[in-house]
Amino acid sequence: MSTTAPLFQHHKHCDEIFASAEDACANGEWAAGEKAFALLLSQLETHFTSEEEVLFPAFEAATGMTSGPTEVMRGEHRQMRDLLAQMQGALAVRDSDTFGGAAETLLILMQQHNMKEENILYPMCDNALGASDVGASLAARLKSS
Ligand SMILES: [Fe+2]
Ligand SMILES: [Fe+2]
């Protein structure tokens, strides 16, 4: 299994939770929406921190590239966290328009972000970290989340 395989699979897992949170809120099923959103929030936070605290530093140490793709990805994580905070605020006051607008922006951003990671950054990490135990630490973090 490649170093980044656990993150790759976790993208799909988060996509599914995202879709159920969005569906529930769009249909006015607020209790189900809140439950799915809370799960989405914790899973995405686990995902982002696994990248920020484990994968990116290991990649930067192995390649010396500290202001390249990992810096761009950190910036996008910040933007996604902002959108999640907007969604959380909208959910609290049952504002489906605001929730839906922020969710739409987040979905596009997340799709583009994940595509960049899966097609560019993760393969670079797999090359740089092939013989390390980074893959095992990522799998452990994502499993216990
Ligand atoms: Fe990421
Ligand atoms: Fe990711």
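**Exercise 1.** What percentage of the 145 residues in the protein chain do buried residues make up?

*Solution.* The model is predicted. A residue is taken as buried if 20 or more other C-beta atoms lie within 10 Å of its own. By that cut-off, buried residues account for 26% of the 145 residues.

**Exercise 2.** Describe the overall build of the protein chain.

*Solution.* Start with the elements: the chain has 5 helices and 0 strands, in the order α-α-α-α-α from the N terminus. Next, the radius of gyration is 16 Å, close to the 15 Å that the globule rule gives for 145 residues, so the chain is as compact as a globular protein of that length. The C-alpha trace spans about 50 × 30 × 20 Å along its principal axes.

**Exercise 3.** Characterise helix α3.

*Solution.* Helix α3 covers residues 69–92, and its 24 residues reach 35 Å from first C-alpha to last, close to the expected 34 Å. Its buried residues are T70, M73, M87, A90 and L91. Among the elements covering them are α1, α2 and α4. After α3 comes R94, with a positive phi near 55°.

**Exercise 4.** Locate the nonpolar cores.

*Solution.* The largest nonpolar core has 14 residues, and those with the most contacts inside it are A21, F37, L40, M87, L91, F99 and A102. Helices α1, α2, α3 and α4 each give two or more residues to this core. A second, separate core has 11 residues, including F56, F59, M73 and L121. Return to A21: leaving out residues up to four places away in sequence, A21 touches G33, A36, F37 and L40.

Key
Residues numbered from 1 in each chain as written. Chains lettered and ligands numbered in written order. Predicted model: local features only at pLDDT ≥ 70, side-chain atom pairs only at ≥ 80, totals over all residues. Helix = DSSP H or I, 4+ residues; strand = E, 2+ residues; numbered from the N terminus. Expected span 1.5 Å × (residues − 1). Buried ≥ 20, exposed ≤ 12 C-beta atoms within 10 Å, placed from the backbone. Contact = placed C-beta atoms within 7 Å. Core = buried A, V, L, I, M, F, W, Y, C linked by C-beta atoms within 7 Å. Rg over C-alpha atoms; globule rule 2.2 N^0.38 Å.
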